[in-house]
Amino acid sequence: MESQSKNEQLLILTDVIKVLVSNTETGNQYAIFEENVPPLGGPPPHTHPDEEVFYILEGEFEFIKNDLNHPFKALPGSVVHVGSNEVHTFKNVGKTPGKMIVMLTPGNLLDYFRAIGEPLTKNSDFPDLKKVPDFSQLNVEKVFQHAKAHNVAFIMPDIAKN
């Protein structure tokens, strides 16, 4: 079966995801995508019902699972499993772009990514993943606006809540 999702690519905050197997192809059993992360890229700490499995292909990542004060390294060949609703995040702590294969179960999170992401269709749409992103230019409004509808919750440090 040839996948209709092969060309689906989205910019999610700092990262580019390329859908390899769409949740729509699997009856929402799972989804698989390649995630390309620039240096210092990655999401804020969050939770969601989907389980995630990250397989690191390239780069040097730091992950956090449940304990925000104890990040751990994930290098090429590492597998990181995040259970349903576990607090987690990751950051590319290397100086080069990072690449991971990510599997979602059941794949609902992909619908959230579609709601918040910018479709990448032309070469000029793609960010330069070799450079640290300009975080001041990120549009986070949609990220927070659509979170609740997709059962995504962000864990903000106390300093940000004031």
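Ala, Val, Leu, Ile, Met, Phe, Trp, Tyr, Cys and Pro count as nonpolar, Asp, Glu, Lys and Arg as charged, and the others, Gly among them, as polar. With those classes, the lining of the largest pocket divides into 10 nonpolar, four polar and five charged residues. The structure is a predicted model, where local features need pLDDT of at least 70, side-chain atom pairs count only at pLDDT 80 or more, and totals for chains, interfaces and linings use all residues. Residues are numbered from 1 along each chain as its sequence is written, and side-chain values use heavy atoms, with hydrogens and water left out.

**The largest pocket**

- A pocket here is an open set of points on a 1 Å grid over the protein atoms alone, where a 1.4 Å probe fits, with protein on both sides within 12 Å along at least five of seven lines.
- The largest pocket holds about 370 Å³ of space, a volume being the space filled by probe spheres set on the grid points.
- Its lining is made of 19 residues, and the closest to the centre are Leu11, Leu13, Thr14, Gln137 and Leu138; a lining residue has an atom within 4 Å of a point.

- Look for strand E3 at residues 31–37; strands (E, at least two residues) and helices (H or I, at least four) are DSSP runs, numbered from the N terminus.
- Seven of the seven residues of E3 are buried, that is, under 20% relative accessible area with a 1.4 Å probe, protein chains only.
- Both faces of E3 are covered, with Ala31, Phe33, Glu35 and Val37 on one side and Ile32, Glu34 and Asn36 on the other.
- Strand E2 (residues 15–21) runs antiparallel to E3 and is joined to it by five bridges; two strands pair if DSSP finds at least two bridges between them.
- In this pairing, valine 19 stands opposite phenylalanine 33.
- Strand E10 (residues 98–105) is also antiparallel to E3, with seven bridges between them, and here alanine 31 stands opposite leucine 104.

**Salt bridges**

- Side chains of opposite charge can pair when their charged atoms come close.
- The model has eight salt bridges, each a side-chain nitrogen of Lys or Arg within 4 Å of a carboxyl oxygen of Asp or Glu.
- One of them joins lysine 99 to glutamate 58, with the closest N and O atoms 4.0 Å apart.
- Lysine 99 lies in strand E10 and glutamate 58 in strand E5 (residues 51–58), so this pair ties together parts that are 41 residues apart in sequence.
- Lysine 99 is partly exposed at 22% relative accessibility, and glutamate 58 is partly exposed at 40%; partly exposed lies between buried and exposed, the latter being over 50%.
- Another salt bridge links glutamate 118 and lysine 142 at 3.0 Å, N to O.
- Glutamate 118 sits in strand E11 (residues 118–119) and lysine 142 in helix H2 (residues 141–145), 24 residues apart.
- Salt bridges that share partners also join Glu8, Asp111 and Arg114 into one network.

**Helix H1**

- Helix H1 spans residues 108–116, and its buried residues are Leu109, Leu110, Tyr112, Phe113 and Ile116.
- Seen down the axis of H1, these buried residues fall within an arc of 155 degrees, so they line one face of the helix; the arc is that of the directions from the helix axis to the C-beta atoms.
- An α-helix has 3.6 residues a turn, so residues three or four places apart point the same way.
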